Every structure is written in C-alpha cells, then in structure tokens.
Amino acid sequence: EEKMVNSPWVAITSALPKVTLQSPPFTVTTKCPSKVTVGTPFTLTLCLHNHTNILQEVGLAINDSTDSTSGFVIAGDKSGTVWALPNSVLDVKYCLMAISTGMLALPDVRLTVGSATLFTPPSARHLYVLPSPYPTS
C-alpha cells in the first residue's frame, strides 16, 4: 500500500447515483433531397418512429401558406390523422414543388401525439433550389 505523504494530490472516492436513461416514446426524422430544381416535384418524407407498445394516433398539419414568400406549393392533404403501429416506423410523404430559387425554408409540419406537439427538426427545414435548366417563355 502506497502512502501519499508529501503528494499535492487529494483523492476522494464518492459513489454516484444510478442513472436510468429512457428512450423517447416517439421520434420523427425527415428525408428530402438537399437540392431540387424549381418547378420539379419532390417528396418530403416524415419517418414517424413509435417506440411504444401501443397504437399511437398522430395528428399531422403542414403549413399551406400560399403567399409569395413560402417558396413551395404542396399537393394533396395538408392535415389529417394517421395511426402508428406499436414499435414500428410509419412514413408519411408529401409532394412539394419549389416556385422560387435559392436557399428556402421548407413548410413547417406540426405533429400531435397525445398531448405532445412536435415540429419537424430544424436541421431538415432548408434546401437549395436550383434554377430550371430550361428557358421559360
């Protein structure tokens, strides 16, 4: 056994409390291209991950702003309800088309699961829109 008689160091041993981490019951990821061409439809996919053992009712609403600053038009239903099976992934797809060029913010998507409201992740909210290679007349 070594002794630390003239050592400048102090050793303290302390037990830490046990920490139990829990996975979130529901997560959302998005899939979409990083760049698109103006006037060409593309798919925005929301991957709804239900990590629970029960059926989850999910309310969906995509911002259907039609003003000139939105930069996108959306085809199909803008809101509705889907059911996520237990311990599964459900893909919800939206068809969008860019009507402006440059770095554009995607429409906000609001999801409601039980009493919780989720929004699309900030990292998935922008994409670059290229001008059309074809002349417009």
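**Figure 1. Surroundings of His49 in the predicted model.** Leaving aside residues up to four places away in sequence, His49 touches Pro25, Phe26, Thr27, Thr29, Ser88 and Val89. The model shown here and in the other views is predicted. His49 belongs to strand 3, which covers residues 41-50. One of its listed neighbours, Thr29, is also joined to His49 through a polar contact between the two side chains, at 3.3 Å. Asp91 is 42 residues from His49 in sequence, and the C-alpha atoms of His49 and Asp91 are 8.8 Å apart in space.

**Figure 2. Thr27 in strand 1.** Strand 1 runs over residues 26-31 and includes Thr27. With residues up to four places away in sequence not counted, Thr27 touches Cys47, Leu48, His49 and His51. Leu118 lies 91 residues from Thr27 along the chain, with a C-alpha separation of 8.8 Å.

**Figure 3. Gln56 in strand 4.** Gln56 is part of strand 4, residues 56-62. Its relative accessible area is 14%, and therefore Gln56 counts as buried, the limit for that class being under 20%. The side chain of Gln56 has a polar contact of 3.2 Å with the side chain of Thr52. Beyond four places in sequence, the residues touched by Gln56 are Phe26, Asn50, Val82, Trp83, Ala84 and Val113.

**Figure 4. Nonpolar surface patch.** Three residues, Leu55, Trp83 and Leu85, make up a nonpolar patch on the surface. Together they have about 340 Å² of accessible area. Trp83 sits in strand 6, which spans residues 79-84. Trp83 is also one of the residues in contact with Gln56.

Figure 5. Asn87 is located in the loop that links strand 6 to strand 7, the latter covering residues 88-98. The phi angle of Asn87 is positive, at about 50°, although Asn87 is not a glycine.

**Figure 6. Val73 and its contacts.** Val73 is placed in strand 5, residues 72-75. Apart from neighbours within four places in sequence, Val73 is in contact with Cys95, Leu96, Met97 and Ile99. The C-alpha atoms of Val73 and Met97 are separated by 5.4 Å, while the two residues are 24 apart along the chain. A relative accessible area of 38% makes Val73 partly exposed.

Figure 7. Is Cys47 buried or exposed? Cys47 is buried, because its relative accessibility is 3% and the class takes values under 20%. Cys95 has a relative accessible area of 34% and is partly exposed. Cys47 is among the residues touched by Thr27, and Cys95 is among those in contact with Val73. Taking a disulfide as a pair of cysteine sulfur atoms within 2.5 Å, the model has 0 disulfides.

**Figure 8. The protein chain as a whole, for orientation.** The chain contains 11 strands and 0 helices. Read from the N terminus, the order of elements is β-β-β-β-β-β-β-β-β-β-β. The chain has 137 residues, of which 28% count as buried. Considering contacts between residues at least 6 apart in sequence, 69% join residues at least 24 apart.

Definitions and conventions:
Residues numbered from 1 in each chain as written. Predicted model: local features only at pLDDT ≥ 70, side-chain atom pairs only at ≥ 80, totals over all residues. Heavy atoms only, no water. Helix = DSSP H or I, 4+ residues; strand = E, 2+ residues; numbered from the N terminus. Polar contact = N/O pair within 3.5 Å; in protein donor to acceptor, adjacent residues only side chain to side chain. Contact = heavy atoms within 4.5 Å. Patch = residues over 30% accessible without salt bridge, like charges linked within 9 Å, V, L, I, M, F, W, Y side chains within 5 Å. Areas by Shrake-Rupley, 256 points an atom, 1.4 Å probe, with all protein chains shown as cover. Salt bridge = Lys/Arg side-chain N within 4 Å of Asp/Glu carboxyl O. Buried < 20%, exposed > 50% of the residue type's maximum accessible area, 1.4 Å probe, protein only.
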